[in-house]
Amino acid sequence: MNNMHFQRRFPPLEIIEGMSMIRVGIVGATGFVAEELVRILMQHPAAQVVELVSSSQKGKRLDEIFPSFKGFSSLTLSDYDETRLASKCDVVFLALPHGKSAPMAEGLLSKGLKVVDLSADFRYQSQTLYESTYGVTHCCPGLLPHAVYGLSEIYEDRVAKANLVANPGCYTT
């Protein structure tokens, strides 16, 4: 992949008055979804990826896992630590398999972070519907009614105010 793909399309944040950087953490940082998320966020003028979490690749640099990031990110992948994420991030994206995000979301929310879940753990507000659809018991059913379905074309105002956003996943709009 050509590194030119990463050239920022926006001016440096320093010259965009009135904006402040949103500090972003990504848990599950070595999967395909996270790779694309990092690529998008690196080009956003108000986002700064500050934490990458991977239990399987901790200690490695992002560009060791994804060579196309060479020269664009020197971040090192680390182990999951809610306290560290809470001290360094404003928002955390959970790019984990279904069933793995919910307990982490609960802990991160309790530390005052905003959470965007990229799995299916919060896509349904009904525990019954979630469990019948996915065939598993939801471990944090108390959070389901608080999750906002992240389809911004329909729920833009709710997404902007939400502490927990459920990413729509694969959809055709």
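1. A right-handed β-α-β unit is formed by β1, α1 and β2, where right-handed means that, with the strands pointing away from the viewer, the path from the first strand over the helix to the second runs clockwise. Helices (H or I, at least four residues) and strands (E, at least two) are DSSP runs, numbered from the N terminus.

2. This is a predicted model, in which local features need pLDDT of at least 70 and side-chain atom pairs count only at pLDDT 80 or more, while totals for chains, interfaces and linings use all residues. Residues are numbered from 1 along each chain as its sequence is written, and side-chain values use heavy atoms, with hydrogens and water left out.

3. The strands β1 and β2 run parallel and are joined by 6 bridges, with Val-27 standing opposite Val-53 of β2; strands pair if DSSP finds at least two bridges between them. On β2, Val-53 also stands opposite Ser-78 in β3, and 2 bridges join β2 to β3 (residues 77–78), again in parallel.

4. In β2, 6 of the 7 residues are buried, where buried means under 20% relative accessible area, exposed over 50%, and partly exposed in between (1.4 Å probe, protein chains only). Helix α1 (residues 32–42) has buried residues too, among them Ala-34, Leu-37 and Met-42, and their cover includes β1 (22–27), β2 (47–53), α2 (62–65) and β4 (91–94).

5. The structure holds 0 disulfides, a disulfide being a pair of cysteine sulfur atoms within 2.5 Å. The sulfur of Cys-140 has its closest cysteine sulfur in Cys-139, 3.5 Å away, which is too far for a bond. Cys-140 counts as buried because its relative accessibility is 3%.

Definitions and conventions. Contact means heavy atoms within 4.5 Å.
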